[in-house]
Amino acid sequence: MGQQFINTAGVVFAWAAIPYRMEWRYGPVSAKAIAVDAGHVCQNLYLACEVVSCGTCAIGAYDQEQIDALIRLDGEDEFVIYLASFGYIIPKELPN
Ligand SMILES: Cc1cc2nc3c(=O)[nH]c(=O)nc-3n(C[C@H](O)[C@H](O)[C@H](O)COP(=O)(O)O)c2cc1C
């Protein structure tokens, strides 16, 4: 989706969900619980990132079919729900 910074990231995390593992127990509130879980995980990446003086960027805008195919998920029972790039920050050049 034109988010070119992902190409130069040191690593890209892709978090996937298997909804059934939540649904058998939590039923209709499963979607909310999955979203909250993903948010917690990514927020911890932001915190860890600060500790090692790196940069991260949560990514919610991506091509669903392409990312699922890339990491070989079926896109129905298991699919990516969130991404984050992570890596060194390249300092911007200061103006003269
Ligand atoms: C659910 C969610 C989806 C996001 N999706 C994108 C994205 O697709 N592309 C992007 O550059 N940043 C995305 N972000 C990152 C935000 O633009 C922002 O950089 C991040 O929340 C940190 O904000 P701060 O650096 O201003 O504190 C997303 C953030 C969240 C919480």
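1. Contact here means heavy atoms within 4.5 Å. By that rule Cys49 touches Cys54, Gly55, Thr56 and Phe86, with residues up to four places away in sequence not counted. The model is predicted: local features need pLDDT of at least 70, side-chain atom pairs count only at pLDDT 80 or more, and totals for chains, interfaces and linings use all residues. Residues are numbered from 1 along each chain as its sequence is written, and side-chain values use heavy atoms, with hydrogens and water left out.

2. The largest nonpolar core. A nonpolar core is a set of buried Ala, Val, Leu, Ile, Met, Phe, Trp, Tyr and Cys residues joined through side-chain atoms within 4.5 Å. Buried means under 20% relative accessible area, exposed means over 50%, and partly exposed lies in between (1.4 Å probe, protein chains only). Seven residues make up the largest core: Trp15, Cys42, Leu45, Cys49, Cys54, Ala84 and Phe86. Helix α2 and strand β3 each give two or more residues to this core. The largest share, three residues, comes from α2. Helices (H or I, at least four residues) and strands (E, at least two) are DSSP runs, numbered from the N terminus.

3. In soluble globular proteins, nonpolar side chains tend to be buried together.

4. Aromatic pairs. Rings of Phe, Tyr and Trp (its six-membered ring) pair if their centres lie within 6.5 Å; planes under 30 degrees apart count as stacked, over 60 as edge-to-face and the rest as tilted. The count comes to three aromatic pairs. Phe13 and Trp15 are stacked, because their ring centres lie 5.8 Å apart and their planes meet at 15°. Phe13 and Phe86 are edge-to-face, because their centres are 6.3 Å apart and their planes stand at 75°. Phe13 lies in strand β1 (residues 11–17) and Phe86 in strand β3 (residues 79–87), so this pair ties together parts that are 73 residues apart in sequence.

5. Where does the ring cluster sit, buried or exposed? Ring pairs link Phe13, Trp15, Tyr82 and Phe86 into the cluster. Trp15 is buried, at a relative accessible area of 18%. Phe86 is buried too, at 17%. Phe13 is partly exposed, at 30%.

6. The largest pocket. On a 1 Å grid over the protein atoms alone, a cavity is a set of points where a 1.4 Å probe fits but cannot get out, and a pocket is an open set with protein on both sides within 12 Å along at least five of seven lines; lining residues have an atom within 4 Å of a point. Grid points are joined across faces, edges and corners, and a volume is the space filled by probe spheres set on the points. The largest pocket holds about 360 Å³. Of its 17 lining residues, Met1, Ile6, Tyr62, Ile67 and Leu83 are the closest to its centre. Strand β1 and helix α3 (64–70) each supply at least two lining residues. The largest share, three residues, comes from α3.

7. The second largest pocket. Its volume is about 250 Å³. Of the 13 residues that line it, Phe5, Thr8, Ala9, Gly87 and Tyr88 are the closest to its centre. Two or more lining residues come from each of β2 (55–59) and β3.

8. Ala, Val, Leu, Ile, Met, Phe, Trp, Tyr, Cys and Pro count as nonpolar, Asp, Glu, Lys and Arg as charged, and the others, Gly among them, as polar. The lining of the largest pocket divides into eleven nonpolar, five polar and one charged. In the second largest pocket, the lining has seven nonpolar, six polar and no charged residues.

9. Residues in helix α2. Ser30 is found in α2 and is buried, at 2% relative accessibility. Leaving aside neighbours within four places in sequence, Ser30 is in contact with Met22 and Glu23. Ala31 lies in α2 (residues 30–51), yet counts as exposed at 59%. The C-alpha atoms of Ala31 and Pro19, twelve residues apart along the chain, are separated by 7.8 Å.

10. Two backbone points to check. Most residues other than glycine have a negative phi, and most peptide bonds are trans. Ser53 is not a glycine, but has a positive phi of about 55°. Ser53 is placed in the loop between α2 and β2 and is exposed, at 59%. Arg72, also not a glycine, has a positive phi of about 60°. Arg72 is in the loop between α3 and β3 and counts as exposed at 77% relative accessibility.
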